[in-house]
Amino acid sequence: MTDEEFEHAVLAGIEALPEWARGELRNVAFLIVDEPSSRESGEDNLGKDEMLFGLYEGVPLSLRGNDSPMLPDTITLFKKPILCTYTDKDDIRACIENTIWHEVAHYFGHDEEWVEKEEARRGRTK
């Protein structure tokens, strides 16, 4: 998958979010990075066979006050882990879409346990 195709898949993944969720995204930057740094990988407590596809960094909506200016939140997608795990373009697109959904759920304040249960309920896991 080319860089341009990957970018288009990320845009499509954002568009696939429910309309109400897209309407609530404020001051969020979506980034594409080749690989997570050792700090980013370490923060997620990954096992040796696990890969990090995405990362939300910021202050979840559920914890924000209304009076202080905030730096932009970021949702980063890690291209190489996704492309190393999936080779079929439809699988890559599905992974990107679910990774975006997963990280946006963290933006809304859901913890990892809730996100994993909801992914299982939706039948959409990475």
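Biologist: Which pattern does the protein chain follow when read along the sequence?

Modeller: Let's start with the parts: helices (H or I, at least four residues) and strands (E, at least two) are DSSP runs, numbered from the N terminus. The protein chain has six helices and three strands. Read along the sequence, they give the pattern α-α-β-α-β-β-α-α-α.

Biologist: What kind of model is this?

Modeller: Residues are numbered from 1 along each chain as its sequence is written, and side-chain values use heavy atoms, with hydrogens and water left out. Local features need pLDDT of at least 70, side-chain atom pairs count only at pLDDT 80 or more, and totals for chains, interfaces and linings use all residues, for this is a predicted model.

Biologist: What percentage of the 126 residues of the protein chain count as buried?

Modeller: Accessible areas come from the Shrake-Rupley method with a 1.4 Å probe, and for residues only the protein chains shown count as cover. A residue is buried under 20% relative accessible area, exposed over 50%, and partly exposed in between. Of the 126 residues of the protein chain, the buried share is 34%.

Biologist: Is F6 buried or exposed?

Modeller: F6 sits in helix α1. Its relative accessible area is 1%. That value is under the cut-off of 20%, so F6 is buried.

Biologist: How many Å apart in space are F6 and K89, C-alpha to C-alpha?

Modeller: In sequence, 83 residues separate F6 from K89. In space, the C-alpha to C-alpha distance between F6 and K89 is 9.4 Å.

Biologist: How many salt bridges does the structure hold?

Modeller: A salt bridge here is a side-chain nitrogen of Lys or Arg within 4 Å of a carboxyl oxygen of Asp or Glu. One of them joins K117 and E113, at 3.1 Å from N to O. For the whole structure, the number of salt bridges is six.

Biologist: Which residue does K89 meet in a salt bridge of 2.8 Å?

Modeller: K89 is partly exposed, with 35% relative accessible area. Its salt bridge, 2.8 Å from N to O, is with E5. This pair links distant parts of the chain, 84 residues apart: K89 in helix α5 (residues 89-107) and, in helix α1 (residues 3-15), E5.

Biologist: Why does the pair K80 and E35 tie together parts that are apart in sequence, and how many residues apart are they?

Modeller: K80 and E35 form a salt bridge, with their closest N and O atoms 3.8 Å apart. K80 lies in helix α4 (residues 79-85), whereas E35 lies in the loop between β1 (28-33) and α3, so the pair ties together parts whose separation in sequence is 45 residues.

Biologist: By about how much of a helix are K117 and E113 separated?

Modeller: K117 counts as exposed, at 54% relative accessibility. K117 and E113 are four residues apart in helix α6, so their separation is about one helical turn.

Biologist: Which residues form the negative surface patch?

Modeller: Patches are made of residues with over 30% relative accessible area and no salt bridge, with like charges joined within 9 Å and nonpolar side chains (Val, Leu, Ile, Met, Phe, Trp, Tyr) within 5 Å. Lys and Arg count as positive and Asp and Glu as negative, leaving out His and the chain ends, and a charge is placed at NZ of Lys, CZ of Arg, CG of Asp or CD of Glu. E116, one of the patch residues, is found in helix α6 (residues 112-122). The negative patch is formed by D49, E50, D111, E112 and E116.

Biologist: About how many Å² is the nonpolar surface patch?

Modeller: V59, L63 and M70 make this patch. V59 has its place in the loop between β2 and β3 (73-78). The patch covers about 250 Å².

Biologist: How many disulfides does the count come to?

Modeller: A disulfide is a pair of cysteine sulfur atoms within 2.5 Å. As for cysteines, C84 is exposed at 60% relative accessibility, whereas C95 is buried at 2%. The disulfide count comes to zero.

Notes. Buried < 20%, exposed > 50% of the residue type's maximum accessible area, 1.4 Å probe, protein only.
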